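Hi everyone, thanks for making time for this. I'd like to walk you through the side-chain contacts in one model, so please have a look at it first.

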Amino acid sequence: LVRRLQSEVQLVLHTHPINEEREDRGELVVNSFWLSGCGRAQTADPAATPEVAASLRAPLFAADWAAWAEAWRALDVGRMADLLASAQRNEPALLTLCGERTAARFERRPQPLWQRLVAPWRRVEPHALLEHL
């Protein structure tokens, strides 16, 4: 029902005079809506609370690229190294990378032998992945 409603809203907004005025002013058009906080409240699992790398935020917003690169280096030798070590021990691991447009979630679970054998040929280059965030 929500998808159908979104589709109908897009059709109405596509030719709406408000969007024509926004385009004339050089602003982005409104073409959809976002529902948030719908449904039943779910209890939070403290064990599932994500660890957020807040050290990247301040240098990014300040456009301090040297500090931002240093924050990434600190993550690489700290928490990311721990995550990779647990993955090498074939333990479950989870990483979510968030960008302005979307997020990508990576989960490491124990794999059967055949999946480990073909994994080197299925690798994705990091820059290709980060471009989509």
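I'll take the aromatic rings, then the salt bridges, and finish with a surface patch.

A quick word on the ground rules. This is a predicted model, so to speak of local features we need pLDDT of at least 70, and side-chain atom pairs count only at pLDDT 80 or more, while totals for chains, interfaces and linings use all residues. Residues are numbered from 1 along each chain as its sequence is written, and side-chain values use heavy atoms, with hydrogens and water left out.

Let's begin with the rings. A pair of aromatic rings is described by the distance of the centres and the angle of the planes. Here, rings of Phe, Tyr and Trp (for Trp, its six-membered ring) pair if their centres lie within 6.5 Å; planes under 30 degrees apart are called stacked, over 60 edge-to-face, and the rest tilted. How many aromatic pairs does this rule give? The count is two. One is Trp65 with Trp68, edge-to-face, at 5.9 Å centre to centre and with 85° between the planes. Both of these residues lie in helix H4, three residues apart, which is about one turn of the helix. Helices, by the way, are DSSP runs (H or I, at least four residues), numbered from the N terminus.

Then comes Trp68 with Trp72: the ring centres are 6.1 Å apart and the planes stand at 85°, so this pair is edge-to-face. Trp68 and Trp72 are four residues apart in helix H4, so about one helical turn separates them. Together, the ring pairs link Trp65, Trp68 and Trp72 into a cluster.

Trp65 is partly exposed at 49%, Trp68 is partly exposed at 29%, and Trp72 is partly exposed at 31%.

Now for the charges. A salt bridge here is a side-chain nitrogen of Lys or Arg within 4 Å of a carboxyl oxygen of Asp or Glu. That rule gives four salt bridges. Staying in helix H4 (residues 65-77), Glu70 and Arg73 are three residues apart, about one helical turn, and their side chains meet in a salt bridge at 3.0 Å, N to O. Glu70 is partly exposed at 45%, and Arg73 is partly exposed at 47%. Elsewhere, salt bridges that share partners join Arg22, Arg25 and Glu27 into one network. Within it, Arg25 and Glu27 meet at 3.0 Å, N to O; Arg25 is exposed at 51%, whereas Glu27 is partly exposed at 34%.

Over in helix H1 (residues 2-14), Arg4 and Glu8 sit four residues apart, about one helical turn. Their closest N and O atoms are 4.0 Å apart in a salt bridge. Arg4 counts as exposed at 55%, and Glu8 as partly exposed at 44%.

Last stop, and back to one of our tryptophans. Which residues make the nonpolar surface patch? Leu60, Phe61 and Trp65 do, with about 380 Å². Patches take residues with over 30% relative accessible area and no salt bridge, joining like charges within 9 Å and nonpolar side chains (Val, Leu, Ile, Met, Phe, Trp, Tyr) within 5 Å. Leu60 belongs to helix H3 (residues 57-61) and is partly exposed at 38%.

Conventions. Accessible areas come from the Shrake-Rupley method with a 1.4 Å probe; for residues, only the protein chains shown count as cover. Helices (H or I, at least four residues) and strands (E, at least two) are DSSP runs, numbered from the N terminus. Buried means under 20% relative accessible area, exposed over 50%, partly exposed in between (1.4 Å probe, protein chains only).
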